[in-house]
Amino acid sequence: MQYRDFGKTGCKVSVLGFGAMRMPLNNPEEQKDINEEKAIELIRHAIDCGVNYVDTAYFYHGGCSETLVGKALKDGYREKTYVATKLPMGHVNCTEDFDALLNTQLERLDMDYVDFYLFHALNRDHWKKVIDFGLIDKMKQAKAAGKIRHMGFSFHDDLEVFNQILDEYDGCEFCQIQYNYVDTDYQAGAEGLKRAAEMGLGLVVMESLRGGSLVSPAEDIKKQLPENRGCVDNALNFVWNAPEVSLLLSGMGKMEQLEENLVLADNSKVGIFSDEELIKFTNAKAVNDKLSLVPCTKCMYCQPCPAGVEIPEIFAAFNKITQGGRRLVKEIMPDIEDRISKCVKCGKCEKMCPQNIKIIEQLKSIKDKF
Ligand SMILES: NC(=O)c1ccc[n+]([C@@H]2O[C@H](COP(=O)([O-])OP(=O)(O)OC[C@H]3O[C@@H](n4cnc5c(N)ncnc54)[C@H](OP(=O)(O)O)[C@@H]3O)[C@@H](O)[C@H]2O)c1
């Protein structure tokens, strides 16, 4: 495993981190029903191979991810890895909620402290809450009390909001952003990445594979990429190529995915791509942009939908059909219209979506197309 400096924290982090948001399930319809045996085996194997950063959050797997991570890190594994978790901003309605939530999280994890604590999925509204409720001071107090070691944030909004947070968040040591070869000008993007690194922040990248959609992109996109590597290899190395990046998180629900990503991490390096190869990624992005795909990363934050609409599945099917031609409807999701018809337009999903997708409108427009 290779390690990089984590900003100015003094920590050395493995270039590959384990994202505990996409763990194996007993029942694919039920996010809470984690296959504990397999999930624990994955996390421990990752650590045995040198991974030293495990990322979880209050509401991953319907609130069960932190408990699972706590179990996985028994038997001496806690001492071998850093643990990151996040304050669920949607659950914070007053200053006192900070302590109540952090205490619940430490209980679930069965730990006295976490190494990295993040405000989860900051956007304009969540940042206002941080300021209005004095939550930066709460972070500092938690640090002084030894409940957290380092303070940071994860981010989903535009570059202007990202820059505002960097300017106003006193004591911030690291951030977590979405970054991959098609999202270089989306959310914080390449500009935000550079600025955060210049300020000495540790840089965690999530969604390097855009939640899995860059594993098998459309043929027209694939054709543009450097030829001598596979799609996963290209996508992960595009992120590791950047000197600003400390580590990338991958949600690896299968042992073969973990094994593949461990090998790629071992062989990664800053500047692995030549300038000509980097132009190929820019060309691939240009082709992707023309396709007007729904920017869903299957993070499942919108689930469960009260009306049972499987929003990420529908968007994934629509994106595949858009890339491969309408004849694929029958093969991929013949009942796409019926599935969309279940939507009662309550809007609960839109409040949760970190990509700010206008889900109701988008579903309607897909239904109209078919
Ligand atoms: N803070 C936030 O707001 C936020 C938001 C999103 C994510 N996160 C964190 O960041 C982590 C990483 O994000 P992500 O899970 O979206 O990362 P990602 O790497 O973009 O996507 C993970 C998905 O890629 C596929 N995959 C990974 N390795 C593969 C391989 N070698 N071969 C084929 N497919 C592979 C799997 O898809 P299949 O499952 O379809 O096989 C997996 O579920 C999450 O797990 C979570 O901890 C945080």
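Domain bounds here come from an automatic or database domain assignment. The model is a predicted one, in which local features need pLDDT of at least 70 and side-chain atom pairs count only at pLDDT 80 or more, while totals for chains, interfaces and linings use all residues. Residues are numbered from 1 along each chain as its sequence is written, and side-chain values use heavy atoms, with hydrogens and water left out.

**Exercise 1. Describe how the protein chain is divided and what lies between the domains.**

Step 1. Taking contact as heavy atoms within 4.5 Å, nine residues from domain 1 and five residues from domain 2 take part.

Step 2. Buried area is the accessible area (1.4 Å probe) that two parts lose on being put together, summed over both; between domain 1 and domain 2 this comes to about 520 Å², with carbon and sulfur atoms giving 38%. Of the area that domain 1 buries against domain 2, 53% is supplied by H156, Y186 and A218, more than by any other three residues.

**Exercise 2. Find what the side chains of R44 and D75 form, and explain why the pair ties together separate parts.**

Step 1. The whole structure holds 24 salt bridges, and R44 and D75 meet in one of them, at 3.1 Å from N to O.

Step 2. Helices (H or I, at least four residues) and strands (E, at least two) are DSSP runs, numbered from the N terminus. Because R44 lies in helix α1 (residues 36-48) and D75 in the loop between α2 (65-72) and β5 (82-87), the pair ties together parts that are 31 residues apart in sequence.

**Exercise 3. Locate the cis peptide bond and the positive phi of a residue that is not a glycine.**

Step 1. As background, most residues other than glycine have a negative phi, and most peptide bonds are trans.

Step 2. The cis bond joins Q303 and P304, with omega about -5 degrees, and P304 belongs to the loop between α11 (275-290) and α12 (311-324).

Step 3. The positive phi, about 60 degrees, is that of D110, which is found in the loop between α3 (97-109) and β6.

Note on methods:
Salt bridge = Lys/Arg side-chain N within 4 Å of Asp/Glu carboxyl O.
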